[in-house]
Amino acid sequence: MTQHDTFPIEVSGLVKTFGRTRALDGLDLTVRAGEVHGFLGPNGSGKSTTIRILLGLLRADGGTARLLGGDPWKDATRLHRRLAYVPGDVTLWPNLSGGEIIDLLGRLRGGLDRRRRDELLERFELDPKKKGRAYSKGNRQKVGLVAALASNVEMLILDEPTSGLDPLMEEVFQQCIREERDRGRTVLLSSHILSEVEALCDRVTIIRKGRTVETGALADLRHLTRTSIDAELAAAPDGLSDLPAVHDLRVDGHRVRCEVDTADLDEVLRLLTSLGVRSLTSRPPTLEELFLRHYQDEMPQAVTR
Amino acid sequence: MSAGKGAGRRADRAAPGHALVGTGALIRLILRRDRFILPIWVLLIAVMPATFVSSFRELYPTDADRLRWAATSGTNPTFLALYGPLHGTDVGALAAQRAGFLPVIVGLICAFTVIRHTRAEEEAGRRELLGATVLGRGAPLAAALAVAMAASLALGALTAAGMIAQDVSVAGAVAFGLQLAMAGCVFAAVAGVAAQLTEGSRAARGIATAVLGAAFVVRMAADVGGQGNGLQWLSWLSPLGWGTRLAPFGDERWWVLLLGAALTAVLVAAAGTLSGRRDVAAGILPPTLGAAEAPAYLSGPVGLAWRLHSRPLYGWLAGFAALGVVYGGVADGADDLVKDNPDLEEIMARLGGQTSILDAYFASSMTIVGLIAAGYAVSAALRMRAEETSLHAEPVLATAVGRVRWSCAHLLFALLGPALGLAVAGAATGLTHGLISGDAGDWLPRITGAAMAQLPAVWLVTAVAVALFGLAPRLTGAIWGVFGAVALITLFGPALRLNQWVQDVSPFTHIPKLPGNEVSAAPLVWLAAIAAVAAAAGLGGFRRRDLSLG
């Protein structure tokens with residue numbers, strides 16, 4: 001097995017500037033073969049720019065990017081045969097029908113699975129006869145999705161693909177992505193819909209202001225953050241506030257609520273049990289909390305409480 | 001400010017769904033968006049009739065000169081068909097006839113303005129954004145009509161003022177100004193109705209243009225036979241015909257304006273009713289559906305380019321054919337025209353460089369055809385930039401299609417489309433003149449060849465557009481400036497005796513004046529070679545640069 005079979009996307013130290021704006025500032029991203037990789041970040045953090053560099057639409061100013069073992073800029077057309085891309089804002093030619101656009105994009109990529117195309121049209125409830133100008137935002141997105149999912153490719157690059165889809169269609173989309181993973185296709189899914197990423201992704205990369213701030217398996221990342229504890233104790237919680245792993249401690253008689261560094265959960269629980277536990281709820285961190293922690297300093301005060 | 005606020009206050013008191021709430025605010029929005037283009041076209045058109053007055057006065061200073069003109073060119077069937085009847089023999093009448101194509105242009109601009117601010121806005125979804133604010137459902141239509149009609153009336157007033165300043169009859173000048181204003185108002189209202197009918201703005205524009213075209217054809221049929229012909233009553237069926245019946249600088253029939261006002265009122269009422277009966281973004285006519293699957297040819301960049309370029313191509317070819325028929329048809333008239341006037345003969349010869357008047361006429365006509373072909377070439381080449389900035393190119397270039405292949409598919413149309421256009425225009429000119437003069441076998445190849453000789457110059461303009469697109473994408477639009485400069489130098493350079501090096505800037509200066517001159521291949525080859533280098537540089541630049549993805 002060669003290197004690119006294991007890592008179809010390898011980006012390190014990527015830099016891209018637009019005039020004075022530094023859109024990417026040393027970004028790293030590694031996607032493993034066969035995984036669904038979540039690419040998270042707020043608007044303007046550089047997700048689309050990274051993807052467009054990977055597609056050879058923009059040229060990096062620094063760092064390295066490898067896509068399917070090739071150079072995304074020099075080998076663009078050769079690499080594009082092996083992937084399908086759905087932009088965040090699918091714009092359609094006003095005088096071409098949705099069906100024509102799906103077929104055209106599929107053919108330009110080098111082939112389309114007709115059966116899958118028809119099946120996807122049905123599942124997404126998309127009328128292929130409408131002209132491009134007649135589709136709503138969600139339906140335009142569906143045209144892009146059907147064209148990508150029905151293409152015979154080994155990799156999907158999806159840039160916020162579900163913007164404008166209703167919850168039912170979001171569910172159809174998630175099923176489709178699971179099927180893609182089961183077929184062994186690699187998926188790079190840029191998103192800011194955390195529930196979607198939580199439901200679909202094996203690993204995630206979180207970026208901020210053009211830099212990678214966190215990357216890894218979702219399970220591993222959870223260890224990096226805090227678990228919420230809500231406990232009713234037999235005695236007053238003396239000594240709890242001395243533990244460095246305990247944050248945001250609120251004591252109300254014998255009841256305590258706090259946030260605990262997940263890595264030091266053992267130590268905190270030992271102290272609690274030594275005091276006598278009447279009831280205990282602990283909640284693992286959601287991706288949302290993970291995400292918010294990285295952006296806390298950008299958020300207004302009220303939210304960070 | 002006051003108009004919008006006033007409307008809002010009224011709405012608070014009256015029914016909340018008042019149809020015209022917010023019209024004032026929308027008028028300001030339209031004026032803001034059109035703050036450059038609106039004054040430019042109004043002024044440009046308003047200046048023309050006054051310019052015609054002064055040039056006619058210069059060319060035909062005496063009554064005798066003008067009488068001769070009236071007896072020959074002024075009543076030549078082709079002139080009558082194109083410009084309408086001549087209502088008198090003073091310079092005002094001559095200028096008004098010569099400016100007889102302006103009502104068509106004013107009508108077209110007003111129609112497009114209305115559709116741009118109504119149906120096109122709905123299609124883009126911006127109307128929806130505004131519709132959710134305090135805005136009556138009739139407001140966008142009312143605002144667009146108000147702006148177009150106010151611009152028409154302003155144009156009429158400025159035109160009249162410009163002509164009066166040239167010392168012609170005040171009544172005639174006012175009547176001609178009102179003729180233009182009437183055309184603008186009527187066709188703005190026509191477009192108001194068309195905008196209610198279809199979901200797409202392109203189709204709405206098509207309907208409005210077709211109505212205008214029909215009105216022009218009817219007017220033409222009525223006037224081509226001259227005074228007292230059996231078909232003259234036809235002009236009462238065409239709003240453009242009413243303009244000629246108004247008879248500026250003749251016995252002005254002011255009451256004809258009432259016809260225009262009445263038709264405008266009826267159409268505005270109809271548009272308002274239709275607009276009130278339909279949903280936002282929907283049309284009265286059902287939208288057309290496309291194919292569920294792509295045809296076999298739509299499988300590569302050329303197939304896609306064909307879908308994007310074919311309709312404009314057909315339109316341009318029809319235009320080139322029509323232009324050719326006109327040029328071929330007026331050729332004898334041009335001969336008359338020059339016979340009357342030795343000064344004009346000299347100007348013509350300076351433009352064309354020939355001794356035969358007819359050859360000089362055809363050569364200058366083909367230069368103009370070449371310039372128009374260059375305009376088409378530029379618009380076709382700019383399609384690439386539009387595809388890029390509208391993000392249509394992004395998904396295509398993320399497939400196995402490389403940038404050069406994608407560009408070449410568009411260039412195919414930007415290079416061969418104008419070539420086809422020149423061939424059609426040349427053939428139509430040669431054939432029409434040949435059929436009239438009874439020597440089609442000679443004129444057809446002669447004029448077609450003369451038209452095709454323009455091609456290297458056209459290609460050079462295209463290539464400059466490609467170079468800008470590839471090397472300085474943000475400046476791609478500047479190609480229209482380049483085109484304008486080339487057109488001005490080509491059209492007025494020789495007459496103004498501009499410095500030779502200035503004239504040499506225009507590639508058309510280097511095209512041999514055909515027919516009637518020696519053909520030298522060298523300049524043609526040079527122009528084509530420079531074009532090839534510029535286009536290659538542009539493609540190279542496009543391959544190396546970032547896409548503009550907003």
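1. Let's start with a word you'll need throughout: two residues are in contact if their C-beta atoms, placed from the backbone, lie within 7 Å. Helices (H or I, at least four residues) and strands (E, at least two) are DSSP runs, numbered from the N terminus. What you're looking at is a predicted model, where local features need pLDDT of at least 70 and side-chain atom pairs count only at pLDDT 80 or more, while totals for chains, interfaces and linings use all residues. Residues are numbered from 1 along each chain as its sequence is written, and chains are lettered from A and ligands numbered from 1 in the order in which they are written.

2. Helix 19 of chain B meets helix 21 (residues 455-471) of chain B through B:L411, B:A414, B:L415, B:P418, B:A419 and B:L422 on the helix 19 side, and B:L455, B:V458, B:W459, B:T462 and B:V466 on the helix 21 side. Sorted by class, this contact has 10 nonpolar residues, 1 polar and no charged. For that sorting, Ala, Val, Leu, Ile, Met, Phe, Trp, Tyr, Cys and Pro count as nonpolar, Asp, Glu, Lys and Arg as charged, and the others, Gly among them, as polar.

3. How are helix 19 and helix 21 of chain B oriented to each other? They pack at an angle of about 155°, their axes 10 Å apart, and are therefore roughly antiparallel. Axes here are lines fitted to C-alpha atoms, for helices over the stretch in contact, and angles run from 0 to 180 degrees between N-to-C directions. The naming goes like this: under 35 degrees is roughly parallel, over 145 roughly antiparallel, 65 to 115 roughly perpendicular, and the rest oblique. The crossing of these two helices is right-handed; a crossing gets that name if the near helix is turned clockwise from the far one by less than a right angle, and is left-handed if anticlockwise.

4. Stay with helix 19 (residues 403-437) of chain B, and look at helix 24 (residues 521-544) of chain B: the angle is about 135° and the axes are 9 Å apart. This pair is therefore oblique, and helix 19 of chain B passes helix 24 of chain B in a right-handed crossing. B:R403, B:V404 and B:S407 come from helix 19 of chain B, and they meet B:L539, B:F542 and B:R543 in helix 24 of chain B. That makes 3 nonpolar, 1 polar and 2 charged residues in the contact.

5. One spot in chain B is worth a click: a cis peptide bond, with omega of about 0°, joins B:L514 and B:P515. You'll find B:P515 in the loop between helix 23 (500-505) and helix 24 of chain B.

6. Over to chain A, which has an open sheet of 6 strands in the order 5-6-7-3-8-9, with mixed pairing. Two strands pair if DSSP finds at least two bridges between them. Which strands sit at the edges? Strand 5 (83-86) and strand 9 (211-217) of chain A do, each pairing on one side only. From one strand to the next the twist averages 15°.

7. At the strand 5 end, strand 5 and strand 6 (residues 155-159) of chain A pair in the parallel sense over 4 bridges, and A:A84 stands opposite A:L156 in strand 6. Helix 6 (residues 137-149) of chain A lies across both strands, at about 175° to strand 5. Helix 7 (residues 167-182) of chain A lies across strand 3 (36-40), strand 6 and strand 7 (186-191), at about 150° to strand 7. In the loop between strand 6 and helix 7 of chain A sits A:E160, which has a positive phi of about 45° although it is not a glycine.

8. Chain A also has an open sheet of 3 strands, in the order 2-1-4, with antiparallel pairing. Strand 2 (21-31) and strand 4 (62-67) of chain A are at the edges with a single partner strand each, so one side of each has no neighbour in the sheet. Strand 1 (residues 9-18) and strand 4 of chain A pair over 5 bridges, with A:V11 partnered by A:A65 in strand 4. Helix 2 (residues 47-54) of chain A packs on this sheet, touching strand 1, strand 2 and strand 4, and makes about 115° with strand 1.

9. Last, where the chains meet: the contact takes 33 residues from chain A and 31 residues from chain B. On the chain A side, helix 4 (98-109) is one of the elements that give two or more residues, and its 8 residues are the largest share.
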